[in-house]
Amino acid sequence: MSRYSLTSLLLIAVAVVLSALLEGVMPFPVEFFRFPLNVILFVLWGWGIVELHRAGKRSVITRYLLSRQATIVSIALLAVGCLVMGLHTVPATDSYLFVLLNLFVITQLAMVTLRGWRDSSGVRWLFTLCHLGLLLALIAGFWGAPDTRIMRAELTDEPTAIALSEDGSVVQLDYKLSLADFRVDYYDNGVPSAYEAEVDIDDSRVRLAVNHPHRVGLGEHIYLTSFEQRGEAICCVVQIVRQPWRVVMFIGILLMIAGAVLLFIRGPKR
Amino acid sequence: MSAGWSIFPIFAVVAAAMGLMSFIAALCDRKRLAQWLICGAIGVLSLFIAQLWIVLDRPPMRTMGETRLWYSFFLFVCGAFAYRRWGYSWLLGFAVMMATVFMAINYFKPQIHDQTLMPALQSVWFIPHVSIYIFSYALLGCATVLSIYSLFGRRDVEEAMQSLTWGGVAFFTIGMLTGALWAKEAWGEYWSWDAKESWAAATWLFYLLAMHLKQSGYTSRGLRTAVMVVAFISLQMCWYGVNYLPSAAESVHVYNR
């Protein structure tokens with residue numbers, strides 16, 4: 001077995017033991033890494049990547065991360081991770097093991113992307129679009145996760161500025177929401193075919209429908225998710241999503257789509 | 001004559017027969033005739049899909065039976081393409097056989113073909129998302145079969161296998177990302193580790209692994225085929241297996257509700 005395969009096995013073993021120990025102490029503190037700590041750590045991580053790239057073959061870490069074994073291990077582990085996630089009823093995104101796995105994958109991917117830009121002659125654009133796109137999407141997902149907040153609010157004609165976040169804590173919104181009007185159409189068998197709500201945000205009125213959210217400020221959107229008949233009145237449930245890193249994710253997705261189109265057009269190298 | 005699913009048997013039998021005749025023509029080296037016949041089969045299924053779309057008054061892409069219909073359609077397309085491009089009559093025969101099996105399942109075991117389309121699915125993303133995905137399923141299915149075939153080494157299928165894998169992965173990627181963009185618009189998150197998403201990601205990564213094995217210089221066909229088979233099983237989980245998993249109970253991706 002090669003040195004790099006052994007290194008991979010060792011890293012996996014350390015990660016598994018470490019996560020098991022930490023999991024016993026306390027669950028992964030996602031909230032703790034909220035802005036600005038995640039940005040500071042992200043900058044340090046990026047600096048580390050650039051330094052490793054500069055060190056090139058002189059650094060043993062760089063040699064390992066750029067080895068073919070590391071590439072295979074990184075993809076295979078992420079695939080297995082997704083498989084486990086697919087079997088879980090509750091996504092285990094907040095486990096130490098999953099965090100460590102993602103940290104390894106984005107580090108390895110970042111190194112490969114940097115090298116590819118320099119070395120991959122002939123397929124540079126194809127290579128870079130695919131890898132940089134995925135890298136940006138994963139960076140936004142990984143480093144941006146602590147800043148993402150998903151909240152729910154129940155709207156009636158009474159203005160409210162209270163929303164519940166996923167963990168059940170109460171969040172005070174910067175604006176007041178109230179339901180001005182609501183329309184729903186049904187199919188013949190009683191299933192709703194379409195519904196939409198007129199919602200007052202402070203003093204301005206907006207129309208919300210499924211697949212048609214409304215943006216408030218930068219990186220915050222309001223989504224109409226469901227409704228409930230309460231006696232005479234209707235109560236409408238909206239989801240409020242704060243995701244400041246969404247632009248990074250969006251650019252990553254666009255680059256990947258462009259990469260996939262190129263992948264199809266050019267096909268495998270003959 | 002009433003329309004919709006009730007006229008499906010006629011179209012299915014005609015399409016299957018034309019597919020079979022195309023395969024026989026290909027075996028007799030009547031290349032031109034084989035191509036016309038398989039295009040005819042594709043045309044017949046297109047007509048059925050078009051009338052179903054009109055009768056249902058929504059894109060026929062929601063129920064299990066409807067996705068199977070598209071799978072049959074795209075299998076015909078892939079078989080026709082592989083025959084035209086590389087002259088593989090046996091792959092054409094295999095695609096016709098699989099397509100016929102899927103049409104037969106639709107005939108003997110029709111699932112609820114209801115007409116409703118919940119509001120979340122009423123989006124411009126719906127049609128590209130589903131059709132691109134199902135097309136990639138067909139490509140990747142053929143690629144997996146070719147990879148297994150390559151183990152017996154009777155004929156060199158390496159080039160076709162690579163092309164189908166790359167094409168399949170490209171379409172799979174686009175299917176997944178259109179899904180992410182849609183999810184952002186529908187409920188605010190690009191990715192939420194819904195069971196179907198997790199299985200799609202696993203499938204995608206296993207096929208990527210098969211691609212990267214070759215790019216990284218691991219040339220063992222056995223290893224590559226093993227990864228492709230795992231990927232293909234994962235694909236079946238992603239397509240309909242998740243319907244039976246408790247982890248997907250809350251998913252919008254479950255077809256049989």
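Mentor: Chain A is assigned two domains: domain 1 (3-147 + 246-266) and domain 2 (149-242). Such bounds come from an automatic or database domain assignment. The C-alpha centres of domain 1 of chain A and domain 2 of chain A are separated by 36 Å.

Some ground rules. This is a predicted model, in which local features need pLDDT of at least 70, side-chain atom pairs count only at pLDDT 80 or more, and totals for chains, interfaces and linings use all residues. Residues are numbered from 1 along each chain as its sequence is written, while chains are lettered from A and ligands numbered from 1 in the order in which they are written.

Confidence next. pLDDT is the predictor's confidence in each residue, from 0 to 100. Chain A has a mean pLDDT of 92, with 99% of its residues at 70 or more. Helices (H or I, at least four residues) and strands (E, at least two) are DSSP runs, numbered from the N terminus.

Now the sheet. Eight strands of chain A form an open sheet with antiparallel pairing, in the order 5-4-3-2-1-8-7-6. Its edges are strand 5 (204-209) and strand 6 (214-215) of chain A, each pairing on one side only. Two strands pair if DSSP finds at least two bridges between them.

Follow the pairs. Strand 1 (residues 149-155) of chain A pairs with strand 8 of chain A over seven bridges, antiparallel. There, Arg149(A) has Arg242(A) as its bridge partner in strand 8 of chain A. Strand 1 of chain A also runs antiparallel to strand 2 of chain A, joined by two bridges. Arg152(A) is opposite Leu164(A) in strand 2 of chain A. A hairpin of four residues connects strand 1 and strand 2 of chain A.

Strand 2 (residues 160-165) of chain A then meets strand 3 (residues 170-186) of chain A through four bridges, again antiparallel. Thr160(A) faces Leu177(A) in strand 3 of chain A. Six bridges link strand 4 of chain A to strand 5 of chain A, also antiparallel. One of the partners in strand 5 of chain A is Arg207(A), which bridges to Glu198(A). These two strands form a hairpin with two residues between them, and Asp202(A) in the turn has a positive phi of about 50 degrees.

Turn to one residue among the helices. Phe127(A) sits in helix 6 (residues 124-144) of chain A. Why is Phe127(A) called buried? Because it has 21 C-beta neighbours inside 10 Å. The rule: 20 or more other C-beta atoms within 10 Å make a residue buried, 12 or fewer exposed, and anything in between partly exposed, with C-beta atoms placed from the backbone. Leaving aside neighbours within four places in sequence, Phe127(A) is in contact with Gly116(A) and Ser120(A). Contact is defined by C-beta atoms, placed from the backbone, within 7 Å. Phe127(A) and Leu262(A) lie 135 residues apart in sequence, yet their C-alpha atoms are 9.5 Å apart.

Chain A has a partner. The contact takes 41 residues from chain A and 40 residues from chain B. On the chain A side, two or more residues each come from helix 4 (68-87), strand 4 (192-201), strand 7, strand 8 (233-242) and helix 7 (246-266) of chain A. Helix 4 of chain A gives the largest share, 12 residues. For the complex, the predictor gives an ipTM of 0.94 and a pTM of 0.90.

Chain B is split into domain 1 (1-113) and domain 2 (123-245), with C-alpha centres 22 Å apart. Between them, 15 residues of domain 1 of chain B are in contact with 13 residues of domain 2 of chain B. Helix 3 of chain B supplies nine residues of the domain 1 side, its largest share.

Note on methods: Two residues are in contact if their C-beta atoms, placed from the backbone, lie within 7 Å.
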